[in-house]
Structure formats: C-alpha cells, structure tokens
Amino acid sequence: MRTEAPVAVQLSDYSPYPFEIEQVDLRFDLHPDATLVRADLKIRRTGDANAPLELDGEALNLKSITIDGKSVPDDAVELTSSGLTLANVPDDFTLVTEVEIAPSQNTALSGLYMSGGRFCTQCEAIGFRRITFYPDRPDVMSRFTVRMTADKETYPILLANGTPGEAGNVDDGRHFAVWDDPHKKPAYLFALCAGDYDVYRDQFTTMSGKTIDLAIHVDKGDADRAAWAMDSLKRSMKWDEETYGREYDLGVFNIVAVRDFNFGAMENKGLNIFNSAYVLADEDTATDADFEAIESIVAHEYFHNWTGNRITCRDWFQLCLKEGLTVFRDQNFSADMRSRPVQRIKDVIRLRARQFAEDAGPLAHSVRPEAYGAIDNLYTATVYEKGAEIIGMLRRMLGEETYRKGMDLYFDRHDGQAVTIEDFYACFEEVSEQDFSQFALWYSQAGTPEITMEETWDPETREIAVTLKQKTPATPGQPVKKPLLIPMEMALIDDEGNMAEWITLLEDEELTMTFDLPEGSERPLVSINRDFTAPVRIKRDLSRDDQLAMIRLETDPFNQWDSVQSLVKEEILALSEGSQTEPDDALVEAVAVAIQGAVDDPAFAALLTRLPDVGEMFLERQPADPVALNTARKKLQAALFGKLSGFADDILAKSSPEPYDPGAEQAGERALRTALINLLAASGREEAGERLLGLYEAAPNMTEKLAALRGLAGLDGKARDTALTDFEQDWKSNPLVMDKWFGVQAGTGDAETISKLVAHPDFDLRNPNRVRSVAAAFAMQNLSAFHAPDGAGYKVVEDIILKADKVNPALGARLLTAFEQWRILEPKAKAEAEACLRRLQAADLSKNSADIVSRALG
C-alpha cells in the first residue's frame, strides 16, 4: 500500500552540475533482449573541488567501469537503483562504463525500447538514464558521437542525431553506422532508431542556398501516406525562415514514425520521432482533423530546433520556455496556413476545455511551478497552452517589430545554452526598454484571472464609463494573488457596426475608463478581450437584447463566436436546472441565422454550430451535474437542427468536394458538413439512424464517414450495429483507423461499452494509442457517462488505470488527470469519485500516478 505523497523536487534547490561533459562517445551493440551500451565520457570539473561524480541510471546492468583506462574497484562505486556515485575523481578524466539493457522488456516506453520489432528511444524528460549512466539533466550539454551495430537483415537502417558518418559490414551478418552531432545537446534530446522501414524522401533548399536531405521512415507499405507530413515539414522550414529568420543547421533531417509512443512526437536534434498517428494520412484513413494535427505537430517539433534544441531549458521548471514558446509558434504557423480567426477559436476551445479546468481544480499549478513530484506530470495544458498565451500577450504589448527584435536577440545571445525564463525576458526588456517584472507574475501565479466589467451610460452627456476589476481565485498553495499585467483589446461599437479600438493594460485591481461620444450618439456596445487577447474569464451583465446585438454587430470573429457561446451556455444551464423546459425559440433562431449568414466561410459557420462541451459548463455553475448538462445540451442541439433542417438538407445533398484536398478551403466545407451531421445525430428524429447510415455508406472520405459513424454510435438500433460492424471489417488490419473505431464507441457509450471494448482481442494495454482511444475518450470526452452518479464510469476506468500503471506509469498518470474536477460535481458523483481516488491511493501505484492522486485529493 502506498499512502505517502512522492517527495517533491524544488526549484529553489537548483544548483549547477559541478562537472562538464565535454564529449560523449556511445557504442551500441543492439539486441532486443540484451543490448550492450558503452559510454566514453570526457569529463572536466567546473565546480566544487570536493564534489563527487553523481550519475543517473535506472534498470541498468553494470558490466564494467574505468577511469582513464583503469578499472574502478567495486568498493569505490556507490551503486543504487537510481544511479551511481564516484568519490575522489580527478579534475579532468575519461570515464568508460559498459551496461546491458533489455529494450524488449521496456514497456514504459522511456529510454531504448522496441516498437513493431524496431529499436527506438524516448529520452524526454528523464529517459536517457535508462540507456546508460549519465547526468540526466537539461543543463548538462555535450557533443555526442554514436556507433551502432545490429543485424543487417533485420535492422538495415541505423539512425541517430546529427550527420551520418562511416558505415559498413562486420562479422556474423551484422553492420554498423556512425553518427556525429556537431551541436551540443542535453541527454534528453538523444535519439536512436534501428529497423527496416519504407522511406519517403525529399529535399529542401534553405534561404542561404543549402540543400537539406529530408526523409520520413514509416512501416512497410506506408510511404505514400507520409506525403502530407513531408509537405508540412517543408512549409514549416520555409515559414520559420520567413517569420523568425531561422535556418535549419544540419545537412539531413529525419523523422521516424512508431506505433508505440507516449506522446505526439519528440524533437530530438535532426531525428524527430513521431507517434505514427501524427505522420500517416490519406483521405481513406485520416480525417481533416488528423491532417490538421499532423501539420501542427510536424511544425511544432521542427520549430523546437531553435526553441528547445539550439536553446534549451536550464532545468525542468523552465519547461514552458521551450514548450509554451513553441506552441505559440506552431499556432501562428497554422493560422497562416489556414484561417487565422478559425485557428484562434480552436486554440481557445482547447485552452478552455483543458487548461481552465486544470486551473480550477486540485491539480492547478503555475506555468513555472515551484515544485513537482514527478517530471512527466509537468507536461500539462498549463505549461503548453497557457504558456503560449503568455507569449501572445507579450507580442501584442510590444508589437510585431519589437517582438521580433527581442526574439533575434534571444537567439543570438543564448544559442547553445540552457537558460531560464528570466534570460528570455531580459532580451525583451532590453529591446523595449520596459520592465516586465509584473508581467512575469503570469509564470509564477496559478489560476485563471477573472475580469469583471461594469458599464455606466449617461444619455445626457453621452459619456460611457467602463470599469474593469481583476481577481484570480485561490489555488492550492497560493491563497493570495497579486494583480497581473493584463493586456485587453477593446472596442466601442455603434448600432451600425462602426467602432473605435484600443488596447488597455490592466495593471491594478481596478481601472475605470471614460469616453465622451459625439452629439446624437446612442449607447454603444463594449467589445472586450477581442481575439481573446488574454487567457482570462470575463464576467459582465448584459441583457438578452444586448447579447443578441453583440452577435449581430460584433466585428471581431472571435467575439462574435464567443457571444453565441455565452448565450448558449446560459440556455444549457437554464434547461439543466429546470428553470425552463424548452429552448428559447428566439435564441435558437438567432444562432441559426448566424450560422446561415456565415456560409461563405464554412469553417467559421461550423464553429457557430458547436455548443459548449459538458466539461466547459462545469466552470459556469457548481455543483456540476454532467448528466443534466448533457441532456440539456442535446435538447438544444435538437432544437437547432430543427431550425437548420432545410439548410442541412441542402448542404448534405451536395457532393463532397473532390478530388480530395486536405487544405483549408476544402476542409472548411467538410467541417460544415460534419457539423450538420453531428446535429442530425442529436436531433432525436426517427429517421436519423437511416439517414446517418446512408451518409456513412456514401461518404467519399474518412472525415465524413467517421462523423456519420460517431453519430450512429450514439444511437440504438440496427443502423448503428451495421455501421460499426462494417467499419471494423474494413479496417481491422489498420491499427490507426481501428483506434477511431474504439474511440467513437468510448466517446458515446457507457461503462458497459468500455468493458466490452477492453475485452476486445485488439485492445492492448501496451499501446498508448489504443488505451487512450478507449479510456481517455471515455473519461475526458464522454463526461456524462464517466461521471455517472452510480460510479460505474469511475470503476471501469479505475481498473484500466491500475493495469496500465503497471505497464506504463506515464500513461497511467495521464489517465488520472480525468479526475481533476471531481470536487465540483453534484454530491452523488462527487462521493463516488472520491471513493475511487481513495481506492487508488491505497493501491501500489507508480510515483507518477501516486503524485496525481495525492494532489487530486489534496
């Protein structure tokens, strides 16, 4: 039984490593069950003359250890389950260790492991210690040379970071390859892959005229499905040159796709390793959302070449320095590739769904925390998405030109270094001659700020006064909050849509602004937080007429969409609480008119059809009743489809655009089609099942086929069973497509459905994609079933977590974050959730999962 919380690592305890590792030479003799790793480390003391040499190491069988060619006696080595310590080492020496590891038994997918019969690595955050003894921390940077030896027939392609060097045959049917990385890097960026792949190749010419050889390595027969990923990579390289002046710095760039991977992808220098789900795509097997995700994630990992690799973080508390900044970069790349307003809305949907929920629960933490229990648990929406929003606010305050000057200074000053948030902001303070000390509170202060806006209008003097008040709710460990520096883009809009715009910097707890309007002016509408300037919640009292006017007159696409969302949230709450039994007809009509009026921008029209998810509604009123909220949401969807049925018939009667193109224009058209399919599925109409089955059978692409299947999965009847059986028969040999089959059922079914899916022969606890397609889809998307008041949803997920945690602790911990909002649930569900967490706390969980449970229970 484990009841104690994991010992926390503290930011305040940071001290530099007392040695420099000048050169690392690694030799791998690759065998699935017994790989030998020799590490030659050229070491020089840079700190305390009496400091021992401490190296991290886990699951390593130490074979030998020498210093300057002489064996180190056993009694001079302090060896533990977490590493080794050598006292009284010289100031300048070469350490050689030889260890044996078992990649085939490494189900944690951290370090060197096997996926699909091939070798691959994942070393971020602390996986390198599972390969050899080393100071596994990001501020120790060194040059790496790697020599691999493996069976030539089974593993004909041998890859590592950097530039390929000597290669050839050795005895017994084996061969070798040498790779050298000229750039100093921390161990978490080390990568190695060995196997038999199909390869999709291309080239890119940089802005200085250098030719870069590009290659994407995939499963046999999948090369053609890597075309979109390659196209995305080339566009990313060009965008980074044009937008940030950053040119790629090696002669080769490799991507390897693996089926078994804990994350989306990893930015290892020159050798990115990707989850296959974010590389492989064609119209038959991938949706538009898949294409969009591939475009974004390929860009994200490539952009890390400078914001993460060339300049890395001093310690893991600075994780947002690379991740938040790089998310901001990939979001803007996607906005330039597609529709900037639509991209902004999608970014905010993700932020509100995950990060706002994180901020409001027991797992709340600052963008740069002061402590963590398990580093894998720091890879959160707060670090990534909120971290990106902070960079966005910085750019708005400085303007494009000054922001670019600050970034240029950052790249020039810190290239090749491991740095901190303070180093980053010092560059912007220098180029702007501004003090960012108050703005930096965004990094240390947890919680989502709430901005209360009050308006007074004097019709005689035609003066309007706008008062803004900020308050950040208490979060675990931070009961008292300081005022933040919050940029707020605002506008006054008259009844003809004319406006005046400005940016307000809210520095204090309260600010009042007054405006004198010209003779004859009527009261204007006040537009606040345009384009979602800051990651805050806005609280204001507006009449229903004013809210409808905001939808009609608002000139900012984000705020027009958000005005619809605000009205819809109020309606869902009223329906769920019984204050009204049927949706307000005027509201439904207004939303329907807005959707039809946006038909020339179908991607935006599709977003207008979207009603807030159940999870988003948790923050609007507590205690939250997921079942009642879901019922109310479906009732409103049905009413909206009633208003749009003729419009939907016209849109769906048209042929889907062909030939298929994953670009923004066609994707927008399909987005509207699938949005209307979703409304049809929720309409409650008797003919919905047969219509959806017809749409499923006629769908010329996976985007529309999956939308119809998802709609059918939420219904009862023969049409549902027919489609699910047909889909499984068609795609049972394609794991990535079958993940979708599992996911649509988990996202619409109940606890019994999950039990059946877990019992399916193709369910595999060792594969994170498959586990996420069932457990995460159910617990994080199907909230009314997961939070069922009888506790059945919790029990079925609890069982999966207990099993997954034994195989892959990082995966188990990630699933546990589904409980982050348990405290604000209605009493029955809350009691069942707590009982589940108590049972899990009493179980023998990994450090990763024990950390999440301990924080969730507080």
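Predicted model: local features only at pLDDT ≥ 70, side-chain atom pairs only at ≥ 80, totals over all residues.
**Close-ups of two helix pairs**

**View 1. Helix α14 passes helix α15 in a left-handed crossing.** Helix α14 covers residues 626–653, and its partner α15 covers residues 664–682. Angles over 145 degrees would count as roughly antiparallel and 65 to 115 as roughly perpendicular, so α14 and α15 are oblique to each other.

**View 2. Here are the residues where α14 and α15 touch.** From α14, look for Lys634, Gln637, Ala638, Leu640, Phe641, Leu644, Phe647, Ala648, Ile651 and Leu652. Facing them from α15 are Leu672, Arg673, Leu676, Ile677, Leu679, Leu680 and Ala682. Sort the residues of this contact by type and you get 14 nonpolar, one polar and two charged.

**View 3. Helix α5 meets helix α6 in a right-handed crossing.** Now hop over to residues 381–398, which form α5, and residues 400–414, which form α6. The two pack at an angle of about 120°, with 6 Å between their axes. That makes α5 and α6 oblique to each other too.

**View 4. Zoom in on the contact between α5 and α6.** On the α5 side you'll find Ile391, Arg395 and Leu398. The α6 side brings in Glu400, Thr402 and Tyr403.

Key. Residues numbered from 1 in each chain as written. Heavy atoms only, no water. Axes fitted to C-alpha atoms, helices over the stretch in contact; angles between N-to-C directions. Helix = DSSP H or I, 4+ residues; strand = E, 2+ residues; numbered from the N terminus. Parallel < 35°, antiparallel > 145°, perpendicular 65-115°, else oblique. Left-handed = near helix turned anticlockwise from the far one by under 90°. Contact = heavy atoms within 4.5 Å. Nonpolar A, V, L, I, M, F, W, Y, C, P; charged D, E, K, R; others polar.
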